[in-house]
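Trainee: Please pick one residue and take me closely through its surroundings. After that, I would like to hear about the chain contact and the aromatic rings.

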Amino acid sequence: MQTPVTSSAFRGSVPANAGIGLRAQHHADVLAERPAVGWFEAHSENYFADGGAHLDFLERIRAQYPLSLHGVGLSLGSADPLDREHLRRLARLARRVEPALVSEHLSWSSVGGSFANDLLPLPYTEEALHHVTAKIAQVQDLLGRRILIENVSSYLAFSCSRIPEWDFLAAVASESGCGILLDINNLYVSARNHDFDAHHYLEAMPRAAVAELHLAGHTPVVHGGRELLIDTHSAPVCADVWRLYGAALARFGAVPTLIEWDADLPPLATLVAEADKANALREALYADAA
Amino acid sequence: MPTLLELQVEFLHAISGAPRASAAEGAVPSEFLLREILAAGLAPAQRLAIYANSAEANYLASLRASFPAILRLGGEEYFRQCGRELRRARPSHSGDLQDIGAAFPPYLATRHADDTYRYFGEVARLEWLYQEALTAADHDSLDLAALAAVPPARYESLRFRLHPSVRLFASEFPAHAIWVANVASDAEPEPLDLRQGADQLLLHRTAAGVEFQQLSAGEWAFLTCLAEEHSHDDSHIDGDSGSFGAALAAATAADSGFDAVAVLRQFVHRNVIVTFTLPTRRPTEAQDAGIAQGGNNERDL
């Protein structure tokens with residue numbers, strides 16, 4: 001029978017020192033090597049099990065590091081009512097590991113109870129804004145905490161969209177009181193795919209709401225003669241994204257930063273090296289932040 | 001302007017790979033949806049295809065992770081075909097990708113009901129039980145002092161509960177041997193005789209991982225009886241199904257030499273049996289009669 005893993009020092013905050021995504025393939029290495037990263041972020045759904053080795057690893061890692069739970073399956077943007085069963089499982093996990101941060105996506109992955117297992121694009125309409133804001137408010141009320149909402153990469157836009165994505169995200173944050181997890185790579189990918197100015201997007205983000213930044217890699221592909229960037233999260237962060245990250249740091253301050261790498265996993269040391277690069281950029285701007 | 005619901009229903013249908021129910025509804029994706037997507041240098045259908053491919057890839061990746069033996073047995077092309085068909089026929093109903101595997105064993109059983117690959121469904125069924133055992137809740141071991149305090153006259157009424165990770169698997173095929181041959185090593189598996197014997201397996205998770213044990217006829221009868229669904233209110237006796245008395249009778253019928261005490265002791269020691277309850281109602285007259293006759297029941301556990 002497990003005893004709750006608590007560490008009051010970690011419960012409320014995540015340090016400015018960059019974190020890395022926690023993947024099952026690295027569980028043993030993390031415990032053996034104790035990499036000098038600030039924190040870990042785990043995909044919530046990967047730990048919805050009732051028990052077993054993965055959950056044990058997560059609890060042991062949690063005893064050593066602050067933890068963030070990042071969900072992909074709550075489908076907040078769905079026209080369906082809030083998925084109470086999914087939220088119950090998330091709440092149970094949160095009670096177990098006491099994460100410093102809990103986040104989800106400005107996206108949908110289901111409707112009518114059928115799921116697509118992908119992060120699907122929202123039309124940016126008043127109806128969608130009110131619906132997703134209400135669901136986020138409901139989640140925060142039921143979880144008893146603020147959650148962060150992440151911008152996703154997109155490959156299409158709807159003709160019925162009336163609100164630019166950046167204004168939509170800012171409005172979601174201001175109306176629901178949620179925080180923003182700004183994924184700099186997703187922002188860059190969407191800006192290139194839809195020909196908008198990434199810096200303008202940064203300017204539109206309310207400073208106080210941005211509570212976490214993601215950095216990841218992407219892959220260019222050609223579809224029908226047009227180059228698109230695909231958010232593969234399977235490559236190092238590219239130079240353009242590092243530059244955009246620098247601009248984000250300048251605007252938002254030393255916001256906790258996470259290196260995301262979800263596929264074609266490299267050794268743990270590679271992720272740690274990416275985290276070190278993020279720290280170096282932060283320290284160059286904010287020498288006193290620790 | 002379309003509603004959010006209208007747009008999402010059309011979108012999900014378009015990327016799920018499912019054909020339309022009737023020709024009158026048109027091809028997938030619908031004209032309605034295609035009109036709602038801005039082209040901007042790339043056809044809406046191609047933009048939708050990016051999401052369709054990604055959703056399918058995520059679905060297949062989850063199946064591959066849960067069914068490595070089937071992947072090995074059937075090969076990549078076969079597996080992808082099965083995965084696509086399953087995804088079209090049974091879209092996921094959960095935001096947890098790990099839940100989709102439950103439909104795969106019945107799908108394979110149907111697909112190969114009449115051909116020489118019937119064992120695929122059985123191997124997949126075992127693989128899914130293995131996943132369930134891996135992720136089941138943990139449980140403290142049985143309170144031996146409390147069990148020792150139970151009066152012998154009440155033994156037959158005891159209802160033992162199995163560790164949450166326990167799964168019982170029976171098959172006409174040697175599914176476990178096939179699974180081991182295809183998962184445990186990268187070497188080319190030796191050919192297996194499908195008639196080499198049926199499985200009667202206990203799956204159980206310990207700190208070392210999920211263990212597999214072939215059970216004797218008596219052990220199988222004993223554990224399957226104990227594992228029978230209980231009513232939530234243990235004070236209500238629904239016949240004596242699932243009770244120690246019933247399990248003992250079933251095991252003895254399967255094997256007249258069944259040594260209940262030794263088996264019980266072993267399963268308690270290994271944390272396969274993790275707790276017990278005792279109904280608060282009086283035993284039935286039939287049980288009273290059984291207790292009066294049986295000598296085994298008064299053994300000190």
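Mentor: Let's start with H218(A), which counts as buried because its relative accessible area is 15% (buried is under 20%, exposed over 50% and partly exposed in between, with a 1.4 Å probe and protein chains only). This is a predicted model, so local features need pLDDT of at least 70 and side-chain atom pairs count only at pLDDT 80 or more, while totals for chains, interfaces and linings use all residues. Residues are numbered from 1 along each chain as its sequence is written, chains are lettered from A in the order in which they are written, and side-chain values use heavy atoms, with hydrogens and water left out.

H218(A) sits in the loop between β9 (210–215) and β10 (219–223) of chain A (strands are DSSP runs of E, at least two residues; helices are runs of H or I, at least four; both are numbered from the N terminus). Leaving aside residues up to four places away in sequence, H218(A) touches, among others, Y188(A), L229(A), D231(A) and C238(A) (contact means heavy atoms within 4.5 Å). N185(A) is also one of the residues touched, and its side chain joins that of H218(A) in a polar contact of 2.7 Å (a pair of N or O atoms within 3.5 Å, one able to donate a hydrogen and the other to accept it; residues adjacent in sequence count only if both atoms are side-chain atoms).

Now for the chain contact. It takes 47 residues from chain A and 42 residues from chain B. Across this interface there are 18 residue pairs in polar contact, both at pLDDT 80 or more. β6(A) gives the most to the side of chain A that touches chain B, with seven residues. The rule also finds two salt bridges across the interface (a side-chain nitrogen of Lys or Arg within 4 Å of a carboxyl oxygen of Asp or Glu). R89(A) forms a salt bridge with D99(B), with the closest N and O atoms 3.3 Å apart.

Finally, the rings: over all chains the structure holds 26 aromatic pairs (Phe, Tyr and Trp rings, the last by its six-membered ring, with centres within 6.5 Å; planes under 30 degrees apart are stacked, over 60 edge-to-face and the rest tilted). Y117(B) and Y119(B) make a tilted pair, 6.3 Å centre to centre with 40° between the planes. Y117(B) is partly exposed because its relative accessible area is 40%, whereas Y119(B) is buried, at 13%. Elsewhere, ring pairs link W108(A), Y155(A), F158(A), F11(B) and Y51(B) into a cluster.
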